[in-house]
Amino acid sequence: MAAFIAENFRFLSLFFKSKDVMIFNGLVALGTVGSQELFSVVAFHCPCSPARNYIYGLAAIGVPALALFVIGIIWNHHTWNLVAECHKRGTKNFSAAANFLIFGSVMGRAAVAPVTWSVISLLRGEAYVCALSEFIDPTSLNNFPPGYGADTMARFPCDDLPGNVTRFKNEVIRRLKYESQLFGWMLIGAVAVLVFITKCLKHCCSPLSYRQEAYWDQYRSSEIRLFQRTAEIHAKIMAANNVKNFFGFVHLDKEEQEQVQQFVVTNVQPRPQWDAITGVYIYRENNGFPLYSRLHKWAKNVTGNSLGHSINMQN
């Protein structure tokens with residue numbers, strides 16, 4: 001039984017490692033759904049007033065989506081690689097296609113949460129009902145009493161309606177929710193088609209075979225993971241050495257003591273080396289051999305821009 005559990009655990013571990021981007025996007029989407037549900041229950045209160053309804057309803061959909069989009073750009077390490085690239089080297093070495101891929105990657109990942117927020121908001125329909133209720137034409141409702149205008153229609157999302165129009169509330173809300181959910185499903189369909197076309201274009205325009213591109217993805221994820229783990233240990237050992245030089249001793253737990261004894265850190269990397277491995281990387285080749293990252297290029301002691309194809313940027 002234990003062996004069976006261990007085998008399945010290893011399988012799941014490998015699956016999640018190979019599907020890290022998909023899993024991350026899925027978790028972002030689920031988190032956004034949960035946040036949207038909480039917002040609807042706790043924070044959403046339609047003002048039920050002409051002009052204010054429209055502004056409040058659109059703000060409830062658009063402002064959180066915009067905030068999530070900006071946060072997604074900030075959290076994406078591609079953004080800061082791009083900033084470093086522009087600061088250190090400029091974009092003169094990038095083709096239009098490369099720039100499109102770079103910005104597309106950043107914007108595409110950042111759009112997961114805001115698109116999810118917008119879709120869920122439209123499918124729920126509360127914000128749309130609030131925003132558009134005042135624009136319902138009373139004459140489009142059968143047997144609606146005369147003399148009522150936008151002031152009354154704006155109050156339909158709330159309960160304080162005149163008694164003789166209360167019976168029309170369900171019809172008005174049902175009509176607006178139909179429109180809202182229709183737009184939500186259309187947005188889902190448009191995003192699905194866009195993602196499919198983008199994936200097709202990416203693979204069709206890529207000079208690499210499917211297997212080599214899969215290997216490149218594995219290399220990049222492994223390099224990032226090993227670099228981060230090694231950098232953490234390197235920084236910890238260097239800090240321990242400096243603290244020991246200052247105080248004459250350093251307090252370490254058992255694991256940290258083993259790390260200090262196992263790994264020797266005597267110097268730090270100079271800034272030019274950090275600059276060499278930092279920034280956006282477009283796939284290139286050197287004499288027919290692939291260079292999979294800036295670190296790979298630095299390790300091979302390749303300088304300048306080797307001839308290659310621009311198909312994607314380094315994760």
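Is Phe249 buried or exposed? I looked it up in this predicted model: Phe249 counts as exposed because its relative accessibility is 55%, above the 50% cut-off. I placed Phe249 in the loop between helix H10 (210-247) and helix H11 (254-262). Leaving out residues up to four places away in sequence, I found that Phe249 touches Val243 and Lys244.

Next entry: Ser121. I located Ser121 in helix H6 (residues 112-124). Ser121 has 3% relative accessibility and therefore counts as buried. I also noted that its side chain reaches the backbone oxygen of Trp117 at 2.9 Å.

Next entry: the cysteines. How many disulfides does the count come to? I get two disulfides.

I read 85° about the S-S bond, a right-handed link of Cys46 and Cys130. Cys46 sits in the loop between helix H2 (20-42) and helix H3 (52-75), and Cys130 in helix H7 (residues 126-132), so I have a link between distant parts of the chain, 84 residues apart. I list Cys46 as buried, at a relative accessible area of 15%, and Cys130 as buried at 0% relative accessibility.

The disulfide of Cys48 and Cys158 has its sulfur atoms 1.6 Å apart. I read 85° about the S-S bond here, and the link of Cys48 and Cys158 is right-handed. Cys48 is in the loop between H2 and H3 and Cys158 in the loop between helix H8 (150-153) and helix H9 (169-205), so this pair ties together parts 110 residues apart in sequence. I list Cys48 as buried with a relative accessible area of 11%, and Cys158 as buried at 19% relative accessibility.

Counting bonded cysteines along the chain, I get the pattern 1-3, 2-4. Cys200 is in no disulfide. I note Cys200 as partly exposed and Cys204 as exposed.

Next entry: record and confidence. In an unreviewed UniProt entry I found residues 54-75 and 182-201 among those listed as "transmembrane region". In the model, residues 54-75 are 100% helix with end C-alpha atoms 31 Å apart; for residues 182-201 I have 100% helix and 29 Å.

The mean pLDDT of the protein chain is 80. I found pLDDT under 50 over residues 1-19, with two contacts beyond four places in sequence, and over residues 307-315, with 49 such contacts.

Methods. Residues are numbered from 1 along each chain as its sequence is written. This is a predicted model: local features need pLDDT of at least 70, side-chain atom pairs count only at pLDDT 80 or more; totals for chains, interfaces and linings use all residues. Side-chain values use heavy atoms; hydrogens and water are left out. Helices (H or I, at least four residues) and strands (E, at least two) are DSSP runs, numbered from the N terminus. Buried means under 20% relative accessible area, exposed over 50%, partly exposed in between (1.4 Å probe, protein chains only). Contact means heavy atoms within 4.5 Å. A polar contact is a pair of N or O atoms within 3.5 Å; within protein, one must be able to donate a hydrogen and the other to accept it, and residues adjacent in sequence count only if both atoms are side-chain atoms. UniProt positions are given in the numbering used here, feature names are shortened, and annotations may be inferred rather than shown by experiment. pLDDT is the predictor's confidence in each residue, from 0 to 100. A disulfide is a pair of cysteine sulfur atoms within 2.5 Å.
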